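Got the sequence and the 3D model open? Let's go through a few spots together, one question at a time.

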Amino acid sequence: DVKTTDGYLLRVFCIGFTRKQPNQIKKTAYAKASQCRVIRRKMVEIMRREISEVDMKEVVTKLIPDSIGRDIEKKCQSTFPLHDVLIRKVKVLKKPKFDIGKLLEMHGEGTTSGGGGGGGGGKTGTKVERSYEPPVQESV
């Protein structure tokens, strides 16, 4: 479970597959339980470090090219060779409280009023004159 800088609490799931050693003849490549524990610890540490430093928008940009998976793969090569290390799933456990000011700031519009709570923020619309009148029927 990792908390981003903007308050989201995420649970990140990662998967990785073992690869045969370069000089290996045997078809299967199984890591020992102790190696699995070390690999898992490195996976968790890298995911925490990468995600806890950024906000939700940057987490998504990191997940799309799978840079976190490649980073895990490089760090775990010394323990056991891995391939196809992927972030499999990301669950949002907790969202931050909704803030209208932050939403407007995100979309490029700043708040001008000091209250920031409700109303129009001091801006009022102009009255539009309509010259249309419905036709009057003479008989029913």
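This is a predicted model: local features need pLDDT of at least 70, side-chain atom pairs count only at pLDDT 80 or more; totals for chains, interfaces and linings use all residues.

Residues are numbered from 1 along each chain as its sequence is written, and side-chain values use heavy atoms, with hydrogens and water left out.

Q: How many salt bridges does a search of the whole structure find?
A: Side chains of opposite charge can pair when their charged atoms come close. To count as a salt bridge, a side-chain nitrogen of Lys or Arg must be within 4 Å of a carboxyl oxygen of Asp or Glu. Searching the whole structure that way gives a total of six.

Q: Is Glu 50 buried or exposed?
A: Buried means under 20% relative accessible area, exposed means over 50%, and partly exposed is in between (1.4 Å probe, protein chains only). Arg 49, which meets Glu 50 in a salt bridge at 3.5 Å, N to O, has 29% and counts as partly exposed. Glu 50 itself has a relative accessible area of 17%, so the word for Glu 50 is buried.

Q: Why does the pair of Lys 62 and Glu 50 tie together parts that are apart in sequence?
A: The side chains of Lys 62 and Glu 50 meet in a salt bridge, 2.8 Å from N to O. The pair ties such parts together because Glu 50 lies in helix α1 and Lys 62 in helix α2 (residues 56–63), and the separation in sequence is 12 residues.

Q: Which residues form a nonpolar patch on the surface?
A: Patches take residues with over 30% relative accessible area and no salt bridge, joining like charges within 9 Å and nonpolar side chains (Val, Leu, Ile, Met, Phe, Trp, Tyr) within 5 Å. Accessible areas come from the Shrake-Rupley method with a 1.4 Å probe, and for residues only the protein chains shown count as cover. The patch has about 230 Å² of accessible area together, and its members are Ile 15, Phe 17 and Leu 86.

Q: What is the phi of Asp 66, roughly?
A: Look in the loop between α2 and α3 to find Asp 66. Asp 66 is buried, at 19% relative accessible area. Although Asp 66 is not a glycine, its phi is positive, at about 60 degrees.

Q: Leaving aside neighbours within four places in sequence, which residues is Leu 9 in contact with?
A: Leu 9 has its place in strand β2. Contact means heavy atoms within 4.5 Å. With those neighbours left aside, the contacts of Leu 9 are Val 2, Lys 3, Lys 91, Val 92, Leu 93 and Lys 94.

How values were computed:
Helices (H or I, at least four residues) and strands (E, at least two) are DSSP runs, numbered from the N terminus.
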